[in-house]
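Have the structure open while you read.

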Amino acid sequence: MYPFTYHRPDSVSAAAKLAGDAEAKVMAGGMTLLPTMKQRLASPGAIVDLNGVSGLSGVTVAGGKVTIGAMTRHADVHTSAELRKAIPALADLAGWIGDPMVRHRGTIGGSVANNDPAADYPAACMALGATIVTDRREIAAEDFFTGLFDTALEQGELITKIVFPVPQKAAYQKFRNPASRYAIVGVFVAQTSAGVRVAVTGAGESGVFRVKSFEDALSKDFSAKAIEAIKLPTDGLNSDIHADAVYRAHLINVMARRAVDAAK
Amino acid sequence: MATVSMSVNGKLVSRDIDPRTLLVDFLREHLRLTGTHVGCDTTQCGCCTVHVDGKAMKSCTLLAIGLEGAQITTIEGLAKGQELHPMQAAFREHHGLQCGFCTPGMIMAAVDMVNRKGNHLDDQTIREELEGNICRCTGYHNIVKAIHSGAEAMGAAK
């Protein structure tokens, strides 16, 4: 990797100030950033390491909401007993990211900020109607994920926590790439008091998206049968060596039905 | 250059390093602890697995400079003098290796697995937990056997 200046601030405000520099990149777990820098696909002039900032980790459940600190590691999301009671689907999802070593270091905030089109958390945020809280504002998941590796975050804006409303039932089903463990297709289904929400990762050319036709059908009848016959258009779906758009469209339906069956 | 200090296998070390230095290079090049291997260098194979503050991580994907004050354990830190750690002994007993390149990472991952999942591991758990460690020789059968037996032995040694 190319040389950079290393900063290890100890507060959110100091980190935000350093990250305001257009040359700077913020590092949470570094599980994506460091490999990208090693391949010289990224060459930031400065790294702002958030691992010295305290108070950004932990899972709390209160008032029908789960709040997860941005620096909470995937392993800690996966093993949180409180989260498993409140939103088991989210605890399960965290256990399917990468491998045990990656889960010990990678963070929910880093994953959400990176918005990899095949990452898992964006699907959970969209389906559960999460709010992304930053050092300066609150952003609805709907407005946060703006495209491939693109988010509503401004230069220097830091995610501090993510707030998930507790659904009545939810499940995430992931068809994994056997080598990378990223989702070829991942579908998060959530039944909430305001209706059913279905979000898909891994399949879309512009990242995570919701499936309105599934949501309407499932809001009327929350059963796998309700969506079995719905054919999805292949417009905007990825085609690559792992799966073409037709296969991905098919997988979205299969994974959505499995998620409905598994929802709890 | 910047100075970083951390504890490696119980010994406090301090070095002036380029901020780009990965933990695995810090261990191998600066401390000459060459038991930790670089396999893929892309966070996939797990040969570089070490314990950072008691948790298994891939040292090819950590900046050494970011680990000020951390407690690192490498494969060199497991044995007590001439006496192998029970997991090391189990890999030898069950021949859980052929070329041996992935073995340090396998053993560090296995010890971490036992720390999290306990001493009685079934084959499916072991295989799922090993998804971040790649072996190109053995076909994994003897590795799974070794971890199963090493986990039990770690329980008995307590």
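Glu131(B) makes a salt bridge with Arg176(A), with the closest N and O atoms 3.2 Å apart. To count, a side-chain nitrogen of Lys or Arg has to lie within 4 Å of a carboxyl oxygen of Asp or Glu. Between chain B and chain A there are 6 salt bridges.

This is a predicted model, where local features need pLDDT of at least 70, side-chain atom pairs count only at pLDDT 80 or more, and totals for chains, interfaces and linings use all residues. Residues are numbered from 1 along each chain as its sequence is written, chains are lettered from A in the order in which they are written, and side-chain values use heavy atoms, leaving out hydrogens and water.

Here's the meeting of the two chains, where contact means heavy atoms within 4.5 Å and buried area is the accessible area (1.4 Å probe) that two parts lose on being put together, summed over both.

| Item | Value |
|---|---|
| Contact residues from chain B | 25 residues |
| Contact residues from chain A | 24 residues |
| Area buried between chain B and chain A | about 2,100 Å² |

Glu131(B) turns up again here: together with Arg20(B) and Leu63(B), Glu131(B) supplies 30% of the area chain B buries against chain A, more than any other three residues.

Now for the helices. The axes of α3(B) (residues 103-117) and α5(B) (residues 141-156) come within 10 Å and cross at roughly 50 degrees. The contact includes Met106(B) of α3(B) and Ile143(B) of α5(B).

Methods. Axes are lines fitted to C-alpha atoms, for helices over the stretch in contact, and angles run from 0 to 180 degrees between N-to-C directions. Helices (H or I, at least four residues) and strands (E, at least two) are DSSP runs, numbered from the N terminus.
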